[in-house]
Amino acid sequence: MTTASDNSAAKCYALVPCAGVGERAGAGGPKQYREIAGTTVVAHTLAALARVPRVAKTLVVLAADDGEFAARAPAFAGWADPCGGATRAGSVAAGLEALARRGARDRDWVLVHDAARCLVRPSAIERLIDACIDDAVGGLLALPLSDTLKQAGEGERVAQTLDRSGKWTAQTPQMFRLGLLRRALAQAGDNITDEASAIEALGHAPRLVRGEPDNFKLTWPADFALAERLLRTTP
Ligand code: C5P
């Protein structure tokens, strides 16, 4: 059905996959619900997104049996949907359907952002939107690789040193139009670890937008202490 709103400018939505168990982060429950610097990881993440005026609404994807989110992010004013899947890709794909059910259109932009990247700065999200809003494909925050890159072999010994030139590490948010991303994820299946790789598999070249080193994904036990220090010292 065509409605008057179909002709309005494309909106930006944020989609936050928050349905993981975070096995690599060690004991203590899902990493997005761990407390750092006075509140939970996911509450920091959602507060950063809420400070970006061009993000019209945020949808958080929860695990089907999630009983914690409301208590762990009490200030959140967006949508939460318990449609999480077994993998991150499955959670994102289900989240796109949930956005569409709530009125998001194929040409609207979706910024997919990991709940576990709680140090993202609103200014970096603004930079991503500025770079992608008129782009045919979309793009992602990423960082040029600065360290030398090793391929591990047997017993955690170096098998090979890889050429690092031209290599970037992918962060989030990753910003694509809902319709394109839906099609890309349906074709890519469950094994991809970011949205851009699904878009690439359709033959597109997402734009690399320079991010910041502190927008790392809390993954290992030591990441939590580092994130705490940064959150307590960043204005
Ligand atoms: O496990 P990983 O660090 O790759 O998770 C990245 C993000 O994806 C986290 O915010 C996590 O909660 C989310 N995720 C999800 N559904 C899964 C697995 C991960 O929403 N099945």
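A: The protein chain exposes about 11,900 Å², of which carbon and sulfur atoms supply 52%; accessible areas come from the Shrake-Rupley method with a 1.4 Å probe, and for residues only the protein chains shown count as cover. This is a predicted model, in which local features need pLDDT of at least 70 and side-chain atom pairs count only at pLDDT 80 or more, while totals for chains, interfaces and linings use all residues. Residues are numbered from 1 along each chain as its sequence is written, and side-chain values use heavy atoms, leaving out hydrogens and water.

The protein chain has 7 helices and 11 strands; these are DSSP runs numbered from the N terminus, with helices (H or I) of at least four residues and strands (E) of at least two. Buried residues make up 45% of its 235 residues; buried means under 20% relative accessible area, exposed over 50%, and partly exposed in between (1.4 Å probe, protein chains only).

Now the rings. The structure holds 2 aromatic pairs. Rings of Phe, Tyr and Trp (its six-membered ring) pair if their centres lie within 6.5 Å; planes under 30 degrees apart count as stacked, over 60 as edge-to-face, and the rest as tilted. Tyr-13 and Trp-79 form a stacked pair, 6.3 Å centre to centre with 25° between the planes. Tyr-13 has 5% relative accessibility, so it counts as buried, whereas Trp-79, at 24%, is partly exposed.

In the other pair, the ring centres of Phe-69 and Phe-76 lie 5.5 Å apart and the planes meet at 80°, so this pair is edge-to-face. Phe-69 is buried at a relative accessible area of 6%; Phe-76, at 22%, is partly exposed.

As for the backbone, most residues other than glycine have a negative phi, and most peptide bonds are trans. Ala-37 has a positive phi, near 45°, and is found in the loop between strand 2 (35-36) and strand 3 (39-40). Its relative accessible area is 19%, so Ala-37 is buried. Glu-156 also has a positive phi, about 55°; Glu-156 lies in the loop between strand 8 (149-152) and strand 9 (158-162), and is exposed at 79%. A cis peptide bond, with omega about 5°, joins Thr-172 and Pro-173; Pro-173 is in strand 10 (residues 168-177).
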